[in-house]
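Dear colleague,

I am handing over a structure that you have not worked with before. Please look through the sequence and the model first, and then read the notes that follow.

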Amino acid sequence: MAMVSLNCASLSSTSAFASGRKFGSSAYQSRAARISKCGYVKVTAAAQKERSYKVTLLPGDGIGPEIMNVAVDVMRTVGDREGIKFEFTEKLVGGAAIDETGVPLPDDTLEACRASDAVLLAAIGGYKWDSNPPHLKPETGLLGLRAGLEVFANLRPAAVLPQLADASTLKREVAEGVDIMVVRELIGGIYFGEPRGFGVNEGGHRYAYNTMVYSVPEIDRIARVAFETARKRQGRLCSVDKANVLQVSQLWRERVTAIGKDEYPDVELSHMYVDNAAMQLVRNPKQFDTIVTGNLFGDILSDISAQLSGSIGMLPSSSMSESGPGLFEPIHGSAPDIAGQDKANPLAQVLSAAMLLKYGLGETKAAGLIEAAVATALDKGYRTGDLMSSGKTLVGCKKMGDILLETLETSSRVTV
């Protein structure tokens, strides 16, 4: 197997469409130059040579199928332009899988994901399954997918695009220029720790318990991903924990400090308690460059940082393993209240497809075309309901997709 890196070298200050860098420029390094210590995504040598890739699609629930349709159309269009072939395989996960097969993550879904070059996920969950027992909740399928693919490093960019500075709930002077990368450990911590369960105490009262646990190797590998990411951005890393209360956070801080001192003396490392970090993200978000934290804290902080951008519907994410396919998904939920109404914002899903191309397959030029199309649509004033403001043009999910396709089809062809 040939390897394509997790591509921390490409994780510069933000994506090209946000920072204004020229697409196809030297800022986008060759695949070989992007090999780093961060971990690797498996792509066969034949796939690299022929530019033909197997991509597993997981539309999931709620608005998932709608936004996935847009992303797939965009990928096909940019693939036709750039001579890239995609073999798409659609599989069930989450609530849709429960309804069809009785389980949230069917074996054939995980097998297909493992056999692919990359996985594109939309959204899972919904009110329909909220009362299900834990093993039959859609979220259990997502956790099983992450664990099954061993995607331990979740990278969530949160940048306030110039076109959307006024869409943020924060004042323009606070939000404008925000550019944060949250590196979240994804397959450890309290979401996976054992023991867990329910019990009855001596007083006859029911109780529930979970275990937050991290080992040294788990901390060290996510710390290295974060340091590598920070090194290619502004060179500043803030490690977030709760070391004043939790022993697991004390070990976390000890190991991150040691890795920084021994291996990354050029990266400025700071530490912050999670409660203060949450406050600082809305008080003065521009103080942050790269944030690294555990699974639970990362889940919360990445959503807070996402909202700084104006809408959670704008932000993609990538989840990377050391040697297998990456998992790419928008960070928003399934929004069952607007499912099927053509109101969803597909841009986070489309940008997740761009991340898949860039970080999962090494197709940076194709990714840049997608990012440029999104920027053009925003520049022209097109907005879905979550982004709508005075003087802009309201469009639905399908129409936004049509605008992106038209932009890709009419823009000048890039030489392969």
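The side chains of Arg51 and Glu363 are joined by a polar contact of 2.7 Å, where a polar contact is a pair of N or O atoms within 3.5 Å, of which, within protein, one must be able to donate a hydrogen and the other to accept it, while residues adjacent in sequence count only if both atoms are side-chain atoms. This is a predicted model, in which local features need pLDDT of at least 70 and side-chain atom pairs count only at pLDDT 80 or more, whereas totals for chains, interfaces and linings use all residues. Residues are numbered from 1 along each chain as its sequence is written, and side-chain values use heavy atoms, with hydrogens and water left out.

Arg51 sits in the loop between α2 (45-50) and β3 (52-60); helices (H or I, at least four residues) and strands (E, at least two) are DSSP runs, numbered from the N terminus. A polar atom of the Arg51 side chain also lies 2.8 Å from the backbone oxygen of Glu82. With a relative accessibility of 17%, Arg51 counts as buried, since buried means under 20% relative accessible area, exposed over 50% and partly exposed in between (1.4 Å probe, protein chains only).

Turning to the helices, α13 covers residues 364-379, and its end C-alpha atoms are 22 Å apart, which agrees with the 22 Å that its 16 residues should span at 1.5 Å a residue, the expected span being 1.5 Å times one less than the number of residues. Of those 16 residues, 13 are buried, so α13 is mostly covered. Just after α13, Gly381 takes a positive phi of about 90°.

In α10 (residues 274-283), the buried residues include Val274, Ala277, Gln280 and Leu281. They cover an arc of only 115° around the axis, and therefore lie on the same side of α10; the arc is that of the directions from the helix axis to the C-beta atoms. Among the elements that cover the buried residues of α10 are β7 (179-185), β10 (236-241), β11 (268-273), β12 (290-293) and α11 (295-307).

For the chain as a whole, the secondary structure comes to 14 helices and 16 strands, and buried residues make up 56% of the 416 residues. The structure holds zero disulfides, a disulfide being a pair of cysteine sulfur atoms within 2.5 Å. Cys238 is buried at 6% relative accessibility, and Cys397 is buried with a relative accessible area of 2%.

With best regards

Definitions and conventions: Contact means heavy atoms within 4.5 Å.
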